[in-house]
Amino acid sequence: MARIQQQFEVGEQTANRRFDQAAAELFSQYSRALLQRWIKEGALTVNGAAARPRDKVAAGDVLSIDVLVEADDKLIAQDVPFDVEFEDHDILVVNKPPGVVVHPGAGNKTLTLINGLVGHDRTLAKLPRAGLIHRIDKNTSGLLLVAKTLDVHRQLVSEMAARNIKRRYSAITNGVPVSGATINQPIGRDTRNRKKQRVTESGRPAITRFRIEKKFRAHALLQIELETGRTHQIRVHLAHYGYPLVGDKQYGAKLHLPRSPLSALRDGLESFSRQALHARELAFTHPTSAAPMCFETRLPDDMAELLSLLDEDAEINA
């Protein structure tokens with residue numbers, strides 16, 4: 001049994017939203033269903049008092065969680081592939097391969113990263129989502145930060161909400177942007193397809209910054225930094241901007257070829273079956289030592305091979 005005690009003050013960007021919507025934005029590490037349950041039970045409050053999910057919150061209001069949670073005895077410890085980049089008494093930094101779901105859900109009850117984390121360290125079952133501070137999609141690869149104690153979890157969640165944990169990604173796009181840019185467009189659930197997100201004025205604030213690392217004939221390698229962490233944010237923003245990620249059919253990517261491509265490049269693009277997105281760098285302050293921490297991992301083999309083919313095609317057709 002562990003006690004979760006957290007609070008956040010409502011800022012101008014979150015003001016005038018429904019209580020449940022504001023809670024989902026400020027406490028994004030917890031599922032909406034769990035937050036709704038805590039609101040109903042009075043464990044999630046506004047200014048120390050219970051409120052209805054539909055009640056509006058104002059700037060300066062304080063949303064607080066104070067609840068006892070039990071360890072998830074149903075969480076199965078399993079051997080799931082991931083690399084440990086760093087580990088000490090307080091934190092764990094892991095590199096997730098593509099194809100591994102982060103946490104259990106409908107259709108993915110087992111063999112998730114969380115199952116693997118509990119298999120690596122059974123004490124993580126006592127923490128919300130086995131200590132994960134953030135998440136990435138099943139078919140996105142890369143670095144994730146994990147807390148190993150409840151106090152560290154509280155601290156890192158606060159650091160994430162304050163945007164003090166920096167996450168940088170590498171992505172390969174269909175098309176070549178003219179220059180880097182900042183995309184500041186709100187994101188919400190697609191009303192026609194509940195599995196997708198879209199840019200919508202009724203969505204939550206979302207900011208993505210990118211710069212061009214390398215240009216090819218019909219594609220580009222981007223370096224991306226998130227200022228917010230919405231579901232599918234990079235994928236949605238780049239597709240909306242007109243440059244969907246290679247392989248991301250869910251957000252409109254189709255086979256995109258330069259004129260007279262090398263046959264190897266055509267084959268490589270046709271067979272690339274996931275979004276070309278990798279969480280490459282993670283930077284934060286250590287929660288107990290206050291030391292600056294920065295981790296960078298190489299691109300996974302499939303993206304590295306595709307970049308090699310794009311390079312070869314560009315050189316031959318220079």
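Strand E6 (residues 141-147) pairs with strand E13 in the parallel sense over two bridges. In this predicted model, local features need pLDDT of at least 70 and side-chain atom pairs count only at pLDDT 80 or more, while totals for chains, interfaces and linings use all residues. Residues are numbered from 1 along each chain as its sequence is written, and side-chain values use heavy atoms, with hydrogens and water left out. Strands (E, at least two residues) and helices (H or I, at least four) are DSSP runs, numbered from the N terminus, and two strands pair if DSSP finds at least two bridges between them.

Let us stay with E13 and look at its partners. Ser141 stands opposite His278 in E13. Strand E7 (residues 166-174) pairs with E13 too, in the antiparallel sense and over six bridges; here Arg167 stands opposite Leu282 of E13. Strand E14 (residues 292-296) is joined to E13 by five bridges, and these two run antiparallel. Phe284 has Met293 as its bridge partner in E14. E13 and E14 form a hairpin with six residues between the strands, and in this hairpin Ala290 takes a positive phi near 65 degrees.

How many of the nine residues of E13 are buried? Eight of them are, so strand E13 (residues 277-285) is largely enclosed by the rest of the structure. Buried means under 20% relative accessible area, exposed means over 50%, and partly exposed is in between (1.4 Å probe, protein chains only).

Ile172 counts as buried, at 0% relative accessibility. Leaving aside neighbours within four places in sequence, Ile172 is in contact (heavy atoms within 4.5 Å) with residues including His219, Leu221, Leu245, Ala276 and Leu310.

Now for the cores. A nonpolar core is a set of buried Ala, Val, Leu, Ile, Met, Phe, Trp, Tyr and Cys residues joined through side-chain atoms within 4.5 Å. In soluble globular proteins, nonpolar side chains tend to be buried together. The largest nonpolar core here has 73 residues, of which Phe27, Trp38, Leu63 and Leu117 touch the most other members. A second, separate core has 14 residues, including Ile172, Phe216, Leu221 and Ala276.

Leu117 is worth a visit. Apart from its neighbours within four places in sequence, Leu117 is in contact with Phe82, Leu92, Val94, Leu124, Ala130, Leu132 and Val146. Ala130, one of these contacts, sits in the loop between helix H3 (113-120) and E6. Ala130 is buried, with a relative accessible area of 2%, and has a positive phi of about 55 degrees although it is not a glycine. Most residues other than glycine have a negative phi. Asn47 is another non-glycine residue with a positive phi, near 55 degrees. Asn47 lies in the loop between strand E2 (44-46) and strand E3 (62-69), and at 48% relative accessibility it counts as partly exposed.

Trp38 leads us to helix H2, whose buried residues are Leu35, Trp38 and Ile39. They cover an arc of only 105 degrees around the axis, which puts them on the same side of H2; the arc is that of the directions from the helix axis to the C-beta atoms. On the other side of H2, Ala33, Lys40 and Glu41 are exposed. Gly42 follows H2 and has a positive phi, near 80 degrees.

Finally, the aromatic rings. Rings of Phe, Tyr and Trp (its six-membered ring) pair if their centres lie within 6.5 Å; planes under 30 degrees apart count as stacked, over 60 as edge-to-face and the rest as tilted. The structure holds five aromatic pairs. In one of them, Phe8 and Phe27 are tilted, at 5.2 Å centre to centre and 55 degrees between the planes. Phe8 lies in strand E1 (residues 2-9) and Phe27 in the loop between helix H1 (19-26) and helix H2 (32-41), so the pair ties together parts that are 19 residues apart in sequence. Phe8 is buried at 12% relative accessibility, and Phe27 is buried at 0%. Tyr241 and Tyr243 form another tilted pair, 5.9 Å centre to centre with 50 degrees between the planes; Tyr241 is partly exposed at 38%. Phe86, Phe284 and Phe295 form one aromatic cluster.
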